[in-house]
Amino acid sequence: MGIYLNPGKQGFWKSIRSEIYVDKTGLIALTNRYLNTEQQYICVSRPRRFGKSMALNMLAAYYSRGCDSADLFNGLQIEKDASFREHLNQYDVIFLNMQQFLIRAKGREITEYLEEVVVEELRESYGDFLNRQGLGLAETLEKIYAKTGNQFLFLIDEWDCVMRERQEAEDLQKQYLDFLRNLLKDQPYVALAYMTGILPVKKYGIHSALNMFQEYSMTDQFNFEEYTGFTEEEVKELCGRYDMDFSETGHWYDGYRFRKIRHIYNPRSVVAAMQNRVLSNYWTKTETFEALKIYMDMDFDGLRADIVRMLGGEQVKVNTLNFRNDMRNLESRDDVLTLLIHLGYLGYDCEREEAFIPNKEIVREFENAMSAGGWAEVMRVLKASEKLVEDTLRGDEKSVAEGLDRAHTEVASILTYNDENSLGCAIGLAYYSARKDYRIIREMPTGRGFADIVFLPLPHTDRPAIVVELKYDKNAESAIQQIKDRRYTQAIAGYSGEIVLVGVNYDKESKSHECVIERVEKSG
C-alpha cells in the first residue's frame with residue numbers, strides 16, 4: 001500500500017463503518033463499463049460536501065492492485081454486478097489529491113513537485129524496469145507499461161484547485177492543464193481517468209486542453225445522476241430510521257434537479273440533520289456567506305432582478321454554454337449564474353435551461369449575503385413579509401393590499417410589473433417569510449389550469465393552506481371566482497381542512513393592489 005500508488009482501502013473502510021453510510025457502490029459498475037473504452041475519461045464536478053472524495057476512496061479500494069478489499073463490499077450493491085470480480089483489485093491506481101500538492105509545493109510548480117514524489121514511489125515498486133534517472137511521470141509510466149503491460153487507473157481529487165485558488169495565475173493554469181493532457185491523453189497505460197472537483201474542465205476561448213474528458217457537472221450529470229447526492233428513496237429510509245419528518249427534510253435539503261432524478265438531496269446536510277435530529281444549515285457553514293455576496297453584487301445587467309425573481313420562487317433562463325469554467329473570467333449575468341450552479345448555490349433544470357434557488361438551506365445563505373449590505377430594499381420587503389402573512393390569515397383585505405403596495409414600491413427599481421408573471425414574482429417575495437411554515441408552489445397544476453401560488457402547510461404547523469390567484473389590471477373578485485370555478489382547492493392532494501382563498505389584482509393606472517380573501521373547508 002502506497003501514498004499515491006495503490007493507496008488501499010482505509011478511506012472506504014472508514015465510510016462503511018460510519019453511523020450513516022448510503023450505498024453508492026453502483027458507481028463502480030458504471031466505471032467498469034467505461035474501462036478501456038472511448039468513454040474512459042470522466043470528469044465529475046459537484047459542489048463541496050457532495051461526496052466527491054468518498055467516491056474516490058471507494059474506487060481506490062475497489063481497483064487498487066494487492067488491496068484484497070472484497071470483504072468491504074459484502075452485501076453492497078456492486079457485489080451483485082457481473083463485473084464485480086472481473087476488475088476487483090486488478091489495476092495499479094494512482095491517486096492524486098491536487099489540493100495537497102498545491103499546498104506542499106511551497107513556491108515550486110505544482111506539477112514539478114507532483115512528478116518528483118509520484119515517480120519516487122513508482123520506483124519503489126518498478127525500479128527494476130527504470131534504469132535511467134530524471135524521467136518525468138508520463139515517461140516513467142510509458143516504460144512501466146512497455147515492460148510489464150500493467151495499466152494504471154487515475155483518480156484525481158480537487159482537480160480544479162489551481163483554477164479556484166490561483167485565479168490570477170493564467171500561465172500556471174495553462175501549464176497545469178498541459179501537464180494533465182500530456183499525462184493522460186491517448187496514453188496506452190491509462191485504463192481509466194476519473195477526476196473530480198467543483199468546476200468542469202477549464203476552457204481557453206472555445207477550446208479545452210482536456211477535451212477527451214466527458215463532463216458530468218451540475219448542469220447535467222447524465223448517467224451519474226443517482227451518485228450525485230442522496231435520492232428521495234434514500235432520504236425516506238434515513239428519515240424513518242431517525243424518526244425525522246421527510247417532508248420538512250425535503251423542504252430544507254431537496255432541490256437539485258436532473259433529467260431522470262428530479263429530487264437530489266445534499267448528502268452532507270442530510271447526514272448531519274439525521275445525526276443531530278435537527279434540521280438546520282449544515283452545508284453552508286463550510287464556507288462564509290461573503291463568497292456568495294461577491295457574485296451577487298456583480299453589476300451585470302439583469303443579475304439583481306434575476307436573484308430577486310428566484311427569491312420570489314421563479315426560475316430564470318440561463319445560457320451555461322459560454323462559461324469558461326473558472327472563477328475569474330466572468331463577463332455576463334449568465335457566467336455568474338452558471339458559476340453559482342456549479343458552486344451549489346443554485347439548482348438547474350437542464351431540460352428547461354433554468355436556474356432556481358433549490359431549498360431552505362440555500363435561501364438562508366442568500367438572506368445572509370443580502371443582509372450584509374447593498375440589498376436594503378429587498379431586505380425591507382422580507383422583514384415586512386411576516387406581518388403580511390398574518391394579515392392574510394386574519395382576512396384583513398385592506399392591510400394585505402397596503403402591504404403589497406409597499407412591497408411593490410420597494411422593489412420597483414429592480415422588478416417592473418408588466419404582466420401576471422412579474423406580479424407573481426413580487427407577490428412571492430412579499431410572502432417570503434411563509435417559507436418557514438409552508439411549502440410554496442408556483443403555478444401548481446390542478447387539472448383545469450394552474451393555480452398561481454399555493455402555500456401548503458408543513459407538518460409541524462397548524463396553519464391553513466393558502467391559494468392565491470393573481471390578476472393584472474382586472475379585479476380581485478374575478479380571481480376568487482376563478483379559484484372556485486376551476487376547483488383549485490380540490491387539486492391539493494392529501495390535504496384536508498381550512499383553505500384561505502386570496503384574490504389579488506394590480507391596477508396599472510392607480511399602481512395599487514386590490515385584495516379579496518375568503519375561507520373554505522376541504523374534506524379529506
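A residue counts as buried when its relative accessible area is under 20%. With that cut-off in mind, I would like to present this structure, which is a predicted model.

I begin with the cysteines. Cys43 has a relative accessible area of 0% and is therefore buried. Cys161 is likewise buried, with a relative accessible area of 0%.

The buried residues include Gly26, Leu27, Asn32 and Tyr34. Which elements cover them? Among them are strand S1 (41-45), helix H3 (52-63), helix H4 (84-87), strand S4 (190-197) and strand S7 (214-216). Just after H2, Asn36 adopts a positive phi of about 50°.

Helix H15, residues 333-343, has 11 of its 11 residues buried, so it too is largely enclosed by the rest of the structure. The buried residues of H15 include Arg333, Asp334 and Asp335, as well as His342 and Leu343. The cover over H15 includes helix H13 (290-296), helix H14 (303-311), strand S10 (316-317), strand S11 (347-349) and strand S12 (354-356).

Let me now consider a pair of packed helices. Helix H7 (residues 137-148) and helix H9 (residues 170-184) have axes 9 Å apart, at an angle of about 5°. Angles under 35 degrees count as roughly parallel, and H7 and H9 are therefore roughly parallel to each other. At their contact, Leu137, Ala138 and Leu141 of H7 meet Phe179, Asn182 and Leu183 of H9. Five of the residues in this contact are nonpolar, one is polar and none is charged.

Finally, I come to a sheet. Five strands form an open sheet in the order S13-S14-S15-S16-S17, and their pairing is mixed. Which strands stand at the edges? They are S13 and strand S17 (512-522); each has a single partner strand, so one side of each lacks a neighbour in the sheet. On average, neighbouring strands are turned by 20° against each other, direction ignored.

Within this sheet, strand S13 (residues 438-445) and strand S14 (residues 450-457) run antiparallel and are joined by seven bridges. Ile440 has Phe455 in S14 as its bridge partner. Four residues lie between the strands of this hairpin, where Gly447 takes a positive phi near 95°. S14 also pairs with strand S15 (residues 465-472), in the antiparallel sense, over three bridges. There, Val454 is opposite Val467 in S15.

Two helices lie across strands of the sheet. Helix H17 (residues 376-394) lies across S13, S15, strand S16 (497-507) and S17, and runs at about 55° to S17. Helix H18 (residues 397-411) lies across S16 and S17, at about 130° to S17.

I thank you for your attention.

Key: Residues are numbered from 1 along each chain as its sequence is written. This is a predicted model: local features need pLDDT of at least 70, side-chain atom pairs count only at pLDDT 80 or more; totals for chains, interfaces and linings use all residues. Side-chain values use heavy atoms; hydrogens and water are left out. Axes are lines fitted to C-alpha atoms, for helices over the stretch in contact, and angles run from 0 to 180 degrees between N-to-C directions. Angles under 35 degrees count as roughly parallel, over 145 as roughly antiparallel, 65 to 115 as roughly perpendicular and the rest as oblique. Contact means heavy atoms within 4.5 Å. Ala, Val, Leu, Ile, Met, Phe, Trp, Tyr, Cys and Pro count as nonpolar, Asp, Glu, Lys and Arg as charged, and the others, Gly among them, as polar. Buried means under 20% relative accessible area, exposed over 50%, partly exposed in between (1.4 Å probe, protein chains only). Two strands pair if DSSP finds at least two bridges between them.
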